[in-house]
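Please keep the sequence and the coordinates in view while reading.

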Amino acid sequence: MSIEPLVKATEVSKRFHVQGKVLRAVERVSFELHPGKTLGVVGESGSGKSTLGRVVLKLLEADGGSVTFEGTDLSKVPRKTLRQMRRHMQMVFQDPMASLNPRMTVFDAIEDGLKIHGIGKSAAERRMRVEEVLERVGLPRSAGVAYPHELSGGQLQRVGIARALALRPKFVVLDEPVSALDVSIQAQVIQLLRELRDEMQLAYMFISHNLAVVEYLSDEVLVLYLGEVVEQAPVEELFAKPSHPYTQALMRSVLKVPTSPDEVQDLTPISGEIPSPFAPPPGCPFHPRCPVAQEVCRQKKPEIREISPGHRVSCHLA
Ligand SMILES: Nc1ncnc2c1ncn2[C@@H]1O[C@H](COP(=O)(O)OP(=O)(O)OP(=O)(O)O)[C@@H](O)[C@H]1O
C-alpha cells in the first residue's frame with residue numbers, strides 16, 4: 001500500500017442556503033482512501049451521503065476543509081486541470097437510466113466518454129476499448145447496439161459501470177449503485193464491483209443506506225447522521241463492536257445476508273423521525289431518537305474521539 005492516500009478529505013463541510021436558511025449537509029468529515037480499498041458511507045436518507053460524494057469529486061464546491069487527490073488539493077487546481085483529472089475520478093449513480101441519453105446506443109454512450117477525454121487515437125481503438133469494457137462488465141457485445149430502454153435494470157447498471165471504467169479511473173464514487181435493482185441482481189453487481197476493484201486496484205467510495213450491502217465491499221465505514229460522522233471504523237471492527245446507538249439501530253433495521261435459508265430475522269425500524277436539517281437538536285443530534293440518551297446527551301454535543309485504533313465515535317456513552 002502506498003503511504004500517501006489516493007484521496008484524502010480533511011474536515012470537509014458543505015452547506016446549502018435554502019430560502020434564507022442554512023442547511024448543514026456535510027459537517028467536518030475526514031477520511032483517507034488508498035488504491036484497491038473501499039470506504040463505505042452509510043446513513044438514512046438526507047444524512048449527506050450523496051453531497052459528500054459530490055464534494056469529494058468537486059462536482060460541488062466545499063465550504064470548508066480540503067480534498068486532495070494524489071496529493072493535489074482540488075480547491076487549488078484550475079478548471080482545465082480538473083477536467084483532465086476527471087477521467088481518474090468517476091461517479092456511478094443509482095439510476096443509470098437517468099444518466100444515459102435515451103437516443104444514444106450503449107456503444108455511443110461509452111465511446112462518448114472516451115472522446116470527451118481524448119482517449120483512443122482512432123475509431124478502431126475506441127471500438128476495441130468499448131467492446132473490452134462491455135465484456136468485462138458481463139454484457140454481450142451485442143449490447144452495444146441496444147438503446148437504454150431495451151435493457152433490464154441490472155444490464156443498465158452494468159452499462160453505467162462500463163461507462164465509468166472505460167476511462168480507467170483510479171477512484172469511483174458509487175452512489176447507491178444497487179439500490180434500484182432486484183435483490184438477486186444486487187448480489188451479482190456487487191460481486192462484479194468487487195472483482196473490478198481488485199483487478200484494477202480501484203478505490204471506491206461506496207454509498208448506501210443499507211449496512212449489509214456496505215459490509216461485503218468495504219474496508220472502512222463512515223456512518224453519517226445529519227451530515228456528521230457519528231462512527232468511523234474498519235469494517236470488521238464496526239460490525240463486531242458497533243459503538244454508536246445510531247449504528248446499532250441501523251444494524252437492527254436492515255436485513256443481513258442470511259446464513260441459512262430458514263433464518264428468521266428480527267427487523268426493528270429506527271424509532272422517531274429524522275429531525276429537520278435546518279434545526280438540528282441541541283446536544284447530541286441523535287438524542288431524541290436514542291434509546292439510551294441521558295441528560296448530558298440533551299445538553300452537550302459529543303466530540304468525536306478514538307476509542308480504539310482507527311475506531312472513532314461521537315457519543316458521550318461509548
Ligand atoms: N442542491 C441542494 N440544495 C439544497 N439542499 C440540498 C441540496 N442537495 C441536498 N440537499 C439537502 O442536503 C441534505 C443531505 O442530502 P443528501 O442527498 O446528500 O443526503 P443522502 O444521504 O444522499 O440522502 P439520499 O439517500 O436520500 O440520497 C438533505 O437535507 C438534502 O435535502
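A residue is called buried if 20 or more other C-beta atoms lie within 10 Å of its own, exposed if 12 or fewer do, and partly exposed in between, with C-beta atoms placed from the backbone. By this rule Leu-226 is buried, because 24 other C-beta atoms lie within 10 Å. Leu-226 is found in the loop between E9 and E10, and it has a positive phi of about 45° although it is not a glycine.

The structure is a predicted model, in which local features need pLDDT of at least 70 and side-chain atom pairs count only at pLDDT 80 or more, while totals for chains, interfaces and linings use all residues. Residues are numbered from 1 along each chain as its sequence is written. The mean pLDDT (the predictor's confidence in each residue, from 0 to 100) is 92 for the chain, and 96% of its residues reach 70 or more. The model scores ipTM 0.97 and pTM 0.93.

Consider next the chain as a whole. It contains 11 helices and 12 strands; these are DSSP runs, helices being H or I of at least four residues and strands E of at least two, numbered from the N terminus. The radius of gyration, taken over C-alpha atoms, is compared with a globule rule of 2.2 Å times the number of residues to the power 0.38. For 318 residues a compact globule would have a value near 20 Å, and the chain, with 20 Å, agrees. Along the principal axes, the C-alpha atoms fill a box of roughly 70 × 55 × 45 Å. Buried residues make up 39% of the 318 residues. Two residues are in contact if their C-beta atoms, placed from the backbone, lie within 7 Å. Of the contacts with a separation of 6 or more, 64% join residues 24 or more positions apart.

An unreviewed UniProt entry carries the annotation "domain: ABC transporter" for residues 7-251; such positions are given in the numbering used here, feature names are shortened, and annotations may be inferred rather than shown by experiment. The span 7-251 is 39% helix and 27% strand, and its end C-alpha atoms lie 28 Å apart.

A residue is near a molecule or strand if its C-beta atom, placed from the backbone, lies within 6 Å of it. The ligand is surrounded by 14 residues, the closest being Phe-16, Ala-25, Ser-45, Ser-50 and Thr-51. Two or more residues of this shell come from each of strand E1 (7-18), strand E2 (21-33) and helix H1 (49-56), and H1 gives the largest share, three residues. Five shell residues are nonpolar, eight polar and one charged, where Ala, Val, Leu, Ile, Met, Phe, Trp, Tyr, Cys and Pro count as nonpolar, Asp, Glu, Lys and Arg as charged, and the others, Gly among them, as polar. Strand E1 also holds Glu-11, a residue other than glycine with a positive phi near 50°. Glu-11 is exposed, because 12 other C-beta atoms lie within 10 Å.

Finally, Pro-280 lies in the loop between helix H10 (245-253) and helix H11 (295-299). Pro-280 counts as buried because it has 20 C-beta neighbours inside 10 Å. Apart from neighbours within four places in sequence, Pro-280 is in contact with Leu-226, Pro-275 and Pro-285.
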